Structures are given as structure tokens and as C-alpha cells.
Number of protein chains: 2
Amino acid sequence: MKNEKPVILVTNDDGITAPGIRSLMHVMKELGHVVVVAPDSPQSGMGHAVTIAKPLRLDKVEVYKGFEMYQSSGTPVDCVKLAVNKVLHRKPDLCVSGINHGANSSINVIYSGTMSAAVEGAIEGIPSIGFSLCDYSQNADFSPCEPYVRSIVKAVLKNGLPKGSLLNVNFPKAPDFKGLKVCRQAVAKYEEEFDERIDPHGRKYYWMTGKFALYDKGEDTDEWALDNGYVSVVPVQFDMTAYNSIPFLNNIDFNVQTK
Amino acid sequence: MKNEKPVILVTNDDGITAPGIRSLMHVMKELGHVVVVAPDSPQSGMGHAVTIAKPLRLDKVEVYKGFEMYQSSGTPVDCVKLAVNKVLHRKPDLCVSGINHGANSSINVIYSGTMSAAVEGAIEGIPSIGFSLCDYSQNADFSPCEPYVRSIVKAVLKNGLPKGSLLNVNFPKAPDFKGLKVCRQAVAKYEEEFDERIDPHGRKYYWMTGKFALYDKGEDTDEWALDNGYVSVVPVQFDMTAYNSIPFLNNIDFNVQTK
């Protein structure tokens with residue numbers, strides 16, 4: 001194993017033809033044996049959804065010459081599960097997801113298919129990283145991210161990651177990054193708005209939109225880092241236990257009356 | 001406000017006609033003014049998915065007499081967002097989700113639409129609880145859960161919950177519960193299997209199945225509590241930062257070469 005190239009699984013949530021995954025694939029090719037398993041269509045906002053009530057497709061495709069690529073009808077999390085069980089028949093040495101077209105900092109981590117794919121990799125015990133560029137423009141340029149992607153992946157291949165954790169890496173929109181900052185997830189949420197419309201049959205429907213609302217003035221957060229020109233690196237865990245709340249709950253008398 | 005009945009939002013992921021939500025609605029009716037906003041079809045395994053690439057439907061329905069009920073084409077998380085913004089036009093005093101038909105203990109918390117609806121409630125700052133019964137049989141009996149649901153909801157209405165946390169409550173399959181235990185999320189994962197089939201057109205497809213694999217011998221976990229006949233109560237948070245991993249990352253030399 002020592003002298004073999006690491007096997008790197010590449011996935012995303014924007015779909016297999018998105019420019020961000022192409023950028024990630026090309027950097028990963030310098031560092032290991034790349035296998036791509038990605039959704040056949042955009043899956044933004046899919047969170048940690050899995051497909052259990054309908055069948056999954058998985059097809060070998062050749063979107064780019066010289067790459068081993070598979071597309072699936074499933075979610076980003078499905079893609080990781082299919083990659084391990086039906087494509088690689090082993091765990092890859094690394095799982096990278098992205099580069100997402102849009103921010104996955106702060107609360108976005110929980111809605112993001114890109115990040116959920118990386119979380120799934122970590123649940124499988126695979127060192128995993130999600131990459132996202134905070135630029136929503138159609139012509140977003142992913143190339144300034146590449147030196148950082150390369151360095152972070154090299155460091156993770158060399159050092160591993162603490163058990164039960166993965167990385168959430170976000171790049172600021174402005175390409176002259178000032179460096180890299182290890183951060184915590186900022187406290188934020190979306191203030192939803194629903195654009196109400198009437199369909200041609202006279203029935204109401206809604207488009208969900210939302211404004212990002214930051215409730216955190218900390219200078220140790222991913223939002224601060226990004227606003228100040230740094231690449232943010234947040235270690236993420238999937239143990240969702242609120243340990244600090246356990247004493248509070250143990251002090252409550254639930255007083256169950258089962259008669 | 002003090003003398004008014006609390007407004008209680010009820011949702012789930014098994015869909016508005018599922019027996020578990022009916023059970024929850026009836027208990028909640030004793031404790032407050034109930035508004036139901038739930039998916040119009042089963043949404044198990046939807047995790048924290050939101051619907052951004054297609055329109056949402058939201059329709060008033062009367063599945064059960066005497067209840068204010070709305071069904072949506074969206075995910076459980078969409079239902080919470082729609083409830084706050086388009087039905088209640090305020091935050092409810094409590095958000096309850098379930099009772100789920102099947103376990104949402106340990107790693108299930110991350111895949112579960114039921115739990116993600118409660119997480120979304122907590123992101124909105126609403127005291128939120130997800131309830132699940134670890135019984136997959138068609139005729140699962142939700143009635144033994146009801147005294148516990150009543151007591152837990154009363155306690156949360158009285159005491160609130162620590163900021164940024166919600167509750168994940170699971171009921172063992174056997175109905176003679178021994179009591180309630182505050183726990184942490186057990187370390188576990190699914191060992192996937194993909195049932196490979198050929199469709200009538202000769203193309204391969206897969207059904208995802210999986211075996212639950214517990215990697216945790218702790219007696220302070222939800223799995224231990226459930227296996228020993230207790231109702232498990234895990235406080236859950238949506239700050240996914242792996243704080244323990246920050247020092248490890250700060251010691252890594254990422255050595256970024258930007259040209």
C-alpha cells in the first residue's frame with residue numbers, strides 16, 4: 001500500500017458536469033488515483049437525504065477523457081455509499097466533495113449536499129473534505145482555489161484527521177486569498193421568503209428564497225474569516241449530541257404518569 | 001400571552017396520513033393550539049433536504065375533524081419553514097415531529113426527516129422535539145408512547161430547552177417502558193447493501209438496504225437505553241463544529257504554494 005497512489009473519491013452536489021468538480025478532479029489527479037461518483041443532475045440543498053423509497057441508477061460515463069467516472073440518479077450521500085459498495089468495493093483513502101458553486105459556511109453545512117457527502121465519507125471512516133466557493137455567479141472562477149485544495153488535501157493525506165471529524169473548506173469570493181484560518185461554524189440562519197405565484201391552472205405555488213442572517217460577532221468563525229479574505233477551514237463532526245445540555249435535562253422532573 | 005394556550009406545530013416525515021402523527025396530534029391537543037403542517041407523501045430518509053429547485057405546494061386539508069391541517073409537497077424541513085412563514089406568520093411556542101415509524105436513535109438522527117424537521121425548528125429558535133418509535137411493523141402501536149410524549153412536552157413547555165439544542169426521543173419496541181434516560185448519541189453506522197436488479201428494458205438498478213452496525217459499548221448511549229427498555233432522550237445540536245479537532249488542525253502546516 002505504502003508506495004501505491006491513494007484512491008481518491010470525488011463527488012459533489014452540483015452534478016457531474018458542473019465546473020467545480022472538474023477543477024477538483026484535475027487537482028486530485030496529481031495526488032492519487034481518482035474515481036468520480038457524482039449525481040447525474042443538480043442536488044443542491046439535498047442535505048443528508050438518502051434514496052430508500054425508489055431505485056437508484058449508477059452508470060459509467062466519460063464526461064472527461066482519462067477519468068474513471070460514474071453518475072447516479074441518487075443524492076450526494078447515495079453517491080458515496082454507491083462508490084464504496086458498488087464501484088470501489090473498498091473504502092477510498094480520501095473523499096473530497098465539491099468544489100461547490102456557492103457558500104457552505106456556517107449553517108449551510110446542514111443543508112448542503114456537498115457537505116453531507118463529506119459527512120457520509122467521515123461516517124464511513126474515510127478522511128473527508130468538502131470544498132465550496134462563495135461565488136454564485138455563472139462564470140465563477142474555481143482556479144484560485146486550486147493551490148489551497150492541493151495543500152489541504154496533501155496535509156490531510158499526510159496527517160489524517162481526528163476520528164469522527166471532517167473538514168468544511170470555504171473560499172471567499174474575491175480570489176486574492178489572504179491565507180487559511182481554522183474556525184468554528186458561525187451562528188446564522190436563513191430568513192425565508194416564499195415567492196407566491198399562481199400556476200396556469202389557478203393553483204397557488206411557492207418558490208423558496210431566503211436571506212442569510214448572521215447572528216455571530218465572533219472573530220473565530222468561518223463567516224469572519226471569509227469576510228476578511230481568508231479561506232475558512234471548519235472541522236465538522238456528526239456526533240450531534242448537545243453534551244452541554246445533558247446536566248440541564250438531568251435536572252428536569254419529567255414526572256411521567258403511566259397510571 | 002401568559003394565559004393563552006401555546007401554539008404547537010406538529011409535523012413528521014411519514015406523511016400527513018401516517019398513524020404516528022395522529023397520535024402526536026391528539027396528545028398535543030390537550031396541551032395547546034395545534035397546527036399541523038406535514039408532507040403530503042412519505043419523506044423518510046430526506047435528512048435536512050430543502051426544496052429550492054422546484055416550486056412548493058401548500059394546501060389546507062381536513063384529514064381529521066377538529067384540527068387545523070396543511071399538507072405540502074415539500075420535505076419535512078420545508079414544512080417547518082412554510083409553517084412559520086406562510087401558515088402561522090409567527091414562530092410557534094413548540095415544534096414536535098413524529099411520532100416516527102421506526103428508530104431515529106444514534107446515527108439515524110442525521111438521515112431522518114423527522115429529526116431534521118425538529119432541527120429546523122431549533123434553528124428557528126423554537127423549542128423542538130422529535131419522537132420516534134423503534135417498531136417497524138405495519139401495526140405498530142403508538143399509544144404506549146403517549147404518556148411519555150405528554151410529560152416530555154409539558155416539561156419542555158415549562159422549562160424550555162438550552163439555546164441551540166432540541167430533543168431526540170426514541171421509544172423501545174416493547175411497550176412496557178422502564179422509564180426515561182437522558183443519553184448521548186451512540187457511535188453507529190449502516191453497513192449498506194445494494195440489491196441489484198434488471199429493469200424490463202435490460203438496464204441495471206439498485207435498491208439500497210442496510211444493516212445497522214453499533215460500534216459503541218457505552219451504557220450512557222441511546223442504543224443502550226433502548227436495548228434495556230428505557231425511553232431515550234438525546235439533546236441534539238446543530239453546531240456541527242468539531243471543537244476538539246481545532247488544536248490538531250492548528251498544528252498542521254498547510255504550506256500553501258500559490259504559485
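**Notes on a predicted two-chain model**

1. Start with where the chains meet. Across the interface of chain B and chain A, 34 residue pairs are in polar contact, counting pairs with both residues at pLDDT 80 or more. Sorted by class, the side of chain B that touches chain A has 46 nonpolar, 18 polar and 16 charged residues. Keep in mind as you read that this is a predicted model.

2. How much area do the two chains bury between them? Chain B and chain A bury about 7,400 Å², with 66% of that on carbon and sulfur atoms. The contact draws 80 residues from chain B and 80 residues from chain A.

3. Now the charged pairs between the chains. There are 10 salt bridges between chain B and chain A. One to look up in the viewer joins the side chains of A:Glu196 and B:Lys86, at 3.3 Å from N to O. As background, side chains of opposite charge can pair when their charged atoms come close.

4. Over all chains, the whole structure has 32 salt bridges. Here's one within chain A: the side chains of A:Glu120 and A:Lys81 meet at 2.9 Å, N to O.

5. Next, the inside. How many cavities of 30 Å³ or more turn up in a search of the whole structure? The search finds 1, and the volume of the largest cavity is about 120 Å³. Its lining takes residues from both chains: A:His48, A:Val109, A:Ile110, A:Ser116, A:Val119 and A:Met240, along with B:His48, B:Val109, B:Ile110, B:Ser116, B:Val119 and B:Met240. Helix H3 (108-111) and helix H4 (113-123) of chain A, and helix H3 (108-111) and helix H4 (113-123) of chain B, are the elements that give two or more residues to this lining. By class, the lining of the largest cavity counts 8 nonpolar and 4 polar residues, with no charged ones.

6. Which residues does B:Tyr215 contact, leaving aside its neighbours within four places in sequence? They are B:Val187, B:Ala188, B:Lys189 and B:Glu191. The C-alpha atoms of B:Tyr215 and B:Val187 are 5.5 Å apart, although the two residues are separated by 28 residues along the chain. With B:Glu191, the side chain of B:Tyr215 makes a polar contact of 2.5 Å.

7. Last, some backbone geometry worth checking by eye. Most residues other than glycine have a negative phi, and most peptide bonds are trans. In chain A, the peptide bond from A:Gly98 to A:Ile99 is cis, with omega near -15°, and A:Ile99 belongs to strand S5 (residues 94-101) of chain A. In chain B, the bond from B:Gly98 to B:Ile99 is cis as well, with omega near -10°; B:Ile99 lies in strand S5 (residues 94-101) of chain B. As for phi, A:His89 has a positive value of about 55° although it is not a glycine. You'll find A:His89 in the loop between H2 and S5 of chain A.

Methods:
Residues are numbered from 1 along each chain as its sequence is written. Chains are lettered from A and ligands numbered from 1 in the order in which they are written. This is a predicted model: local features need pLDDT of at least 70, side-chain atom pairs count only at pLDDT 80 or more; totals for chains, interfaces and linings use all residues. Side-chain values use heavy atoms; hydrogens and water are left out. On a 1 Å grid over the protein atoms alone, a cavity is a set of points where a 1.4 Å probe fits but cannot get out, and a pocket is an open set with protein on both sides within 12 Å along at least five of seven lines; lining residues have an atom within 4 Å of a point. Grid points are joined across faces, edges and corners, and a volume is the space filled by probe spheres set on the points. Helices (H or I, at least four residues) and strands (E, at least two) are DSSP runs, numbered from the N terminus. Ala, Val, Leu, Ile, Met, Phe, Trp, Tyr, Cys and Pro count as nonpolar, Asp, Glu, Lys and Arg as charged, and the others, Gly among them, as polar. Contact means heavy atoms within 4.5 Å. A polar contact is a pair of N or O atoms within 3.5 Å; within protein, one must be able to donate a hydrogen and the other to accept it, and residues adjacent in sequence count only if both atoms are side-chain atoms. Buried area is the accessible area (1.4 Å probe) that two parts lose on being put together, summed over both. A salt bridge is a side-chain nitrogen of Lys or Arg within 4 Å of a carboxyl oxygen of Asp or Glu.
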